[in-house]
Amino acid sequence: DCGGGLYVYSSTLELDQCVVSGNVASSVAGDGGGIYLWQTRAITLANIEVSNNQAAYSGGGLHAEELRFPLTISDSEFTGNSAGRGGGMALASNIEELVTIQRSILSSNSATSSDGGALYARLTANGEMLALDELVVSDNTAWNQGKGLRIDSAGPVSPQASLTNLLLSGNGPEPGAPESGEDAVLALGPGFTDLDLTLTHLTAAGNAVDTFMYIQPASQGARRITVNATNTLLSGFVTGFAARETGDGEASVTHSNTLFHKVTNQHLALEGTPEFVAVNPLAGDPLLDGSYRLQAGSAAIDQGIDAGVSRDLDGEYRPQGLGPDIGADEYLQPAAPASVKLSGPTSVDTGIEAVFLAEVSPQTATQPLTYAWSATDLDPVSRPGGLSDTVGFTWMEPGTKTVTVIVSNDQGK
């Protein structure tokens with residue numbers, strides 16, 4: 001009844017360049033439509049596609065529980081999966097070691113009867129338990145809270161989660177689900193312990209709910225949820241940060257250099273007296289393109305503060321200008337290549353291919369670049385490329401030969 005595609009118990013696993021698709025854990029019960037992890041040792045999943053899997057209960061693409069060793073997922077896609085809870089993946093219970101998900105896409109997943117369209121996570125140990133970096137979380141749906149992400153915690157512990165360079169777009173309710181103004185893209189709690197969340201360079205825009213973040217700490221035992229957000233871009237919400245305190249629960253949100261665009265309420269206390277602290281909030285049009293990246297003239301450009309993040313959602317260096325940009329994307333100022341370093345053999349036998357490498361500076365040169373190669377007695381080669389390119393030349397006649405390369409883009413050469 002669990003692990004429709006892959007079932008892993010008490011084992012170490014490295015999965016690379018694999019597809020897990022079209023599996024069903026069970027039509028009436030069970031978890032982990034694509035992948036089920038139980039009491040596993042170190043797990044590394046890289047360059048995988050987990051798509052169109054189903055589970056009746058939890059973790060349409062992946063379900064994990066009783067993790068006491070690290071789980072790392074990178075450069076992967078979880079798309080079109082469905083389950084009652086945690087459509088894309090569910091870190092469901094007894095998550096006691098760091099889970100890292102980076103440079104990946106979670107899209108078009110659905111939690112058909114509960115929470116966490118893309119991801120549901122319950123963290124149950126001290127320290128950093130969840131690290132998300134360079135993720136696109138798009139077009140997911142959930143019946144209840146956390147149309148994109150739902151994170152809570154349990155046990156006599158204080159787990160921490162960090163979300164860096166995340167894009168959340170197009171997330172909304174399951175068809176037919178009861179809708180509320182409290183429905184949020186990102187929901188925290190109500191778990192049974194404290195929870196600390198750090199958001200850095202996050203963009204949330206184009207979602208089909210009224211609220212960006214909903215926070216509800218547990219009502220007993222003076223449980224506290226603390227959020228610290230830096231360089232966050234929020235667009236198209238009625239409410240940015242909403243919190244409900246019941247019983248002894250406490251909620252605290254501190255955000256710095258948040259750019260609000262078409263957001264009616266920055267903060268909303270639904271119940272109790274949650275604490276909201278806004279440091280240098282900004283208003284303006286981020287001028288997002290169709291992929292929610294910044295365009296020239298955006299109010300987000302250079303308006304962030306240094307949060308120790310040296311790359312953006314696309315792996316580009318930040319900052320590009322006078323300061324880091326707000327949100328997941330760092331705007332690339334159009335720049336011509338300034339110089340080219342050409343390396344290769346100084347002598348070669350006839351009939352043997354000689355390979356040459358061209359490397360462009362600066363790293364911020366606008367791509368794509370065009371490489372125009374020429375070599376004595378041989379046909380020229382011209383093609384698009386990134387910040388480097390290699391070419392091979394073979395001469396059949398001896399003599400002195402010359403190799404040159406000219407690199408250009410729309411800004412110059």
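Is Glu-96 buried, partly exposed or exposed? Glu-96 has a relative accessible area of 30%, so it counts as partly exposed. Please keep in mind that this is a predicted model.

**Salt bridges**

- The structure holds 14 salt bridges, and one of them joins the side chains of Arg-68 and Glu-96 at 3.5 Å, N to O.
- Arg-68 sits in the loop between strands S7 (62–67) and S8 (71–74), while Glu-96 sits in the loop between strands S11 (89–95) and S12 (99–107), so this pair ties together parts that are 28 residues apart in sequence.
- Arg-68 is partly exposed, at 42% relative accessibility.
- Together with Glu-66, Arg-68 and Glu-96 are linked in a network of salt bridges.
- In another salt bridge, the closest N and O atoms of Lys-147 and Asp-183 are 4.0 Å apart.
- Lys-147 belongs to the loop between strands S16 (141–142) and S17 (149–153), and Asp-183 to the loop between strands S19 (172–173) and S20 (184–188), so the pair ties together parts 36 residues apart in sequence.
- Lys-147 is buried, with a relative accessible area of 0%, and Asp-183 is buried, with 10%.
- Arg-383 and Asp-389 also meet through their side chains, at 3.0 Å, N to O; Arg-383 is partly exposed at 29%, whereas Asp-389 counts as buried at 12%.

**Aromatic rings**

- There are seven aromatic pairs in the structure.
- For Phe-212 and Phe-241, the ring centres are 5.7 Å apart and the planes lie at 85 degrees, which is over 60 degrees, so the pair is edge-to-face.
- This pair links distant parts of the chain, with Phe-212 in strand S22 (residues 211–215) and Phe-241 in strand S24 (residues 233–244), 29 residues apart.
- Phe-212 is buried at 0% relative accessible area, and Phe-241 is buried at 0% too.
- Phe-356 and Phe-393 form a tilted pair, 6.3 Å centre to centre with 50 degrees between the planes.
- Phe-356 lies in strand S30 (residues 354–361) and Phe-393 in strand S33 (residues 388–393), 37 residues apart.
- Ring pairs link Phe-356, Trp-373, Phe-393 and Trp-395 into a cluster.

**Charges over rings**

- The charged end of Arg-85 sits over the ring of Tyr-120, 4.3 Å from its centre.
- Over the ring of Tyr-317 sits the charged end of Arg-311, 3.9 Å from the ring centre.

**The largest pocket**

- The largest pocket holds about 270 Å³ of space.
- Its lining has 16 residues, and those nearest the centre are Thr-346, Val-348, Trp-395, Gly-399 and Lys-401.
- The lining divides into eight nonpolar, five polar and three charged residues.

Key. Residues are numbered from 1 along each chain as its sequence is written. This is a predicted model: local features need pLDDT of at least 70, side-chain atom pairs count only at pLDDT 80 or more; totals for chains, interfaces and linings use all residues. Side-chain values use heavy atoms; hydrogens and water are left out. On a 1 Å grid over the protein atoms alone, a cavity is a set of points where a 1.4 Å probe fits but cannot get out, and a pocket is an open set with protein on both sides within 12 Å along at least five of seven lines; lining residues have an atom within 4 Å of a point. Grid points are joined across faces, edges and corners, and a volume is the space filled by probe spheres set on the points. Ala, Val, Leu, Ile, Met, Phe, Trp, Tyr, Cys and Pro count as nonpolar, Asp, Glu, Lys and Arg as charged, and the others, Gly among them, as polar. Rings of Phe, Tyr and Trp (its six-membered ring) pair if their centres lie within 6.5 Å; planes under 30 degrees apart count as stacked, over 60 as edge-to-face and the rest as tilted. Helices (H or I, at least four residues) and strands (E, at least two) are DSSP runs, numbered from the N terminus. Buried means under 20% relative accessible area, exposed over 50%, partly exposed in between (1.4 Å probe, protein chains only). A charge sits over a ring if NZ of Lys or CZ of Arg is within 6 Å of the ring centre and within 35 degrees of the ring normal.
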